[in-house]
Amino acid sequence: NAQNSVLSKIDGGASWSLEMNKPIDVANSSFSKTLDETNFTIVIIDATAVINLPDPADVTGRVYILVNNINSNHSIGIVLGTTVHLLGSTSPSTSLSVTAGTSMIIQSDGNTWYQIH
């Protein structure tokens with residue numbers, strides 16, 4: 001389990017720090033889950049893996065790295081009514097797919113998911 005620790009700042013304030021030493025999750029044929037605070041990097045190795053994003057309103061600031069290590073695009077489930085802002089697109093999408101052999105980083109702003117890489 002990651003532990004929260006308080007860091008003091010030079011200006012006298014404090015901030016919270018989360019450890020980023022989370023394991024890599026391997027999304028194989030038996031992987032079926034909505035991602036949560038225990039996940040960070042998900043490596044897709046099977047086309048039948050089921051990966052769902054949590055509601056962005058519940059996880060403001062959360063970041064996930066999605067790595068597709070199979071030879072076909074892989075769909076990621078998103079909450080109905082939620083959108084994803086993909087790089088290079090001017091309008092939000094209602095679906096998310098990780099291209100074969102690539103990776104993507106996504107982050108929640110509390111309203112939607114943004115592809116940031």
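Read along the sequence, this chain follows the pattern β-β-β-β-β-β-β-β-β-β-β-β. It holds twelve strands and zero helices, where strands (E, at least two residues) and helices (H or I, at least four) are DSSP runs numbered from the N terminus. The model is predicted, so local features need pLDDT of at least 70 and side-chain atom pairs count only at pLDDT 80 or more, while totals for chains, interfaces and linings use all residues. Residues are numbered from 1 along each chain as its sequence is written, and side-chain values use heavy atoms, with hydrogens and water left out.

**The six-stranded sheet**

- Six strands form an open sheet with mixed pairing, in the order β3-β5-β7-β11-β12-β9; two strands pair if DSSP finds at least two bridges between them.
- β3 (24–27) and β9 (84–85) stand at the edges with a single partner strand each, so one side of each is left without a neighbour in the sheet.
- β3 runs parallel to β5 (residues 41–44), and four bridges join them.
- Ala27 stands opposite Ile44 in β5.
- As a reminder, strands of a sheet pair through backbone hydrogen bonds, either parallel or antiparallel.

**A closer look at β11**

- Buried means under 20% relative accessible area, exposed means over 50%, and partly exposed lies in between (1.4 Å probe, protein chains only).
- β11 runs antiparallel to β7 (residues 63–68), with five bridges, and also pairs in the antiparallel sense with β12 (residues 113–115), over three bridges.
- Gln107 is the bridge partner of Val63 in β7, and Tyr114 in β12 is a bridge partner of Gln107 as well.
- The hairpin of β11 and β12 has four residues between the strands, and Gly110 there takes a positive phi near 95°.

**An aromatic pair**

- A search of the whole structure finds one aromatic pair.
- The ring centres of Tyr64 and Trp113 are 5.8 Å apart and the planes are at 35°, so the pair is tilted (centres within 6.5 Å make a pair; planes under 30 degrees apart count as stacked, over 60 as edge-to-face, the rest as tilted).
- This pair links distant parts of the chain, with Tyr64 in β7 and Trp113 in β12, 49 residues apart.
- Tyr64 is buried at a relative accessible area of 0%, and Trp113 counts as buried at 1%.

**The whole chain**

- Buried residues make up 32% of the 117 residues.

Notes: Rings of Phe, Tyr and Trp (its six-membered ring) pair if their centres lie within 6.5 Å; planes under 30 degrees apart count as stacked, over 60 as edge-to-face and the rest as tilted.
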